Amino acid sequence: MSNDRKVALLVCGGIGRIVSTVVRQAAYMAAAERPDNIILVSSGSLTGDVPQALQTARTHPLVAVDACVEKCASALVSGKQLQAKEIIFLPDVAAKYKVSIADEDRKGLSDRGMRLARKLADEIIEYVDALSLSHGRNDNAS
Amino acid sequence: MPHKVCIQPCLGINTPESTVGRQASYLAHEILLGPEKSDLGCSPALYAGVQEDIDFVLNDFVIAVESCEQCCANKLVAQRGGRVHATIRVDDVLADGDIAPAQLPLHHLALDHPAVRLVAEKIVQTARHLLNGHQEG
């Protein structure tokens, strides 16, 4: 696949809550399974206005993942004037698959936490595949 | 004068150094220093204006834990009106400890990993220096 079919993936990447650990691990899973289609964009780099991170988020279709009600990834999208093609909300995924992570440890996930990360990764990959495909079609049409 | 430190890691996602910094921040905050002497600052939350994280950088001694020369945590704290009192560069600490980042996993490190312990000890040493300075002052 060409670089034109790459999708930028921004997850909240926070540290205070277990859900942030889940979305980060899901991002790694998705990127490992779609290495030619996903570029991970670091929330930390965006907060620091790193030019390469901003450039990636601006020039590729962007998928953002919010871990909790604070919606920090969405705040970065709007604050940095980015355009997200999709915004995924982890609590929706947890509710959809009925996976509770109430007793998980933010320092490292158990099998249950990783199970939710796996479900989220699958959702991310679904969006990435659709965006990569449509982006490729647009390239061919132009 | 502050009686706590805010440990503010850069929270990158693409380098082992940022993963080390994240895990070392957990170790320093939760176990070595404890919540009575430290807070754990979350960069995306600080950016998004979460009040707790704003309070940390306004009220505590701030220790930025940076994984590279971009120093994103320093920039963010300044943007939000806080002051960084000390900066720890994970890449420098690992170099001093003869630990090669390329040999480290990207996704996760246990808290007892030597790289994590080394950076956590540096955070604790820096925190105690700042807090002792306050007590002596």
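Which residue in strand 3 of chain B is the bridge partner of B:Ile7? That would be B:Ile63. Keep in mind that this is a predicted model.

The two strands involved, strand 1 (residues 5-9) and strand 3 (residues 61-66) of chain B, run parallel and are joined by five bridges. They belong to an open sheet of four strands in chain B, ordered 2-1-3-4 with parallel pairing. Strand 2 (38-40) and strand 4 (84-89) of chain B sit at the edges with a single partner strand each, so one side of each has no neighbour in the sheet. From one strand to the next, the twist averages 25°. Helix 4 (residues 72-79) of chain B packs on the sheet and touches strand 1, strand 3 and strand 4. The direction of helix 4 makes about 145° with that of strand 3.

Now for the contact between the chains. Together, chain A and chain B bury about 2500 Å², with 60% of it on carbon and sulfur atoms. On the chain A side, A:Ile15, A:Tyr28 and A:Lys107 lose the most area to chain B, together 30% of what that side buries.

Here are the counts between the two chains:

| Item | Count |
|---|---|
| Contact residues from chain A | 30 residues |
| Contact residues from chain B | 31 residues |
| Salt bridges | two salt bridges |
| Polar contacts (both at pLDDT 80 or more) | 12 residue pairs |

One of the salt bridges links the side chains of B:Glu30 and A:Arg106, at 2.7 Å, N to O. Helix 1 of chain A gives the most to the side of chain A that touches chain B, namely five residues. By class, that side has 11 nonpolar, 13 polar and six charged residues.

Notes:
Residues are numbered from 1 along each chain as its sequence is written. Chains are lettered from A and ligands numbered from 1 in the order in which they are written. This is a predicted model: local features need pLDDT of at least 70, side-chain atom pairs count only at pLDDT 80 or more; totals for chains, interfaces and linings use all residues. Side-chain values use heavy atoms; hydrogens and water are left out. Contact means heavy atoms within 4.5 Å. Buried area is the accessible area (1.4 Å probe) that two parts lose on being put together, summed over both. A salt bridge is a side-chain nitrogen of Lys or Arg within 4 Å of a carboxyl oxygen of Asp or Glu. A polar contact is a pair of N or O atoms within 3.5 Å; within protein, one must be able to donate a hydrogen and the other to accept it, and residues adjacent in sequence count only if both atoms are side-chain atoms. Ala, Val, Leu, Ile, Met, Phe, Trp, Tyr, Cys and Pro count as nonpolar, Asp, Glu, Lys and Arg as charged, and the others, Gly among them, as polar. Two strands pair if DSSP finds at least two bridges between them. Axes are lines fitted to C-alpha atoms, for helices over the stretch in contact, and angles run from 0 to 180 degrees between N-to-C directions.
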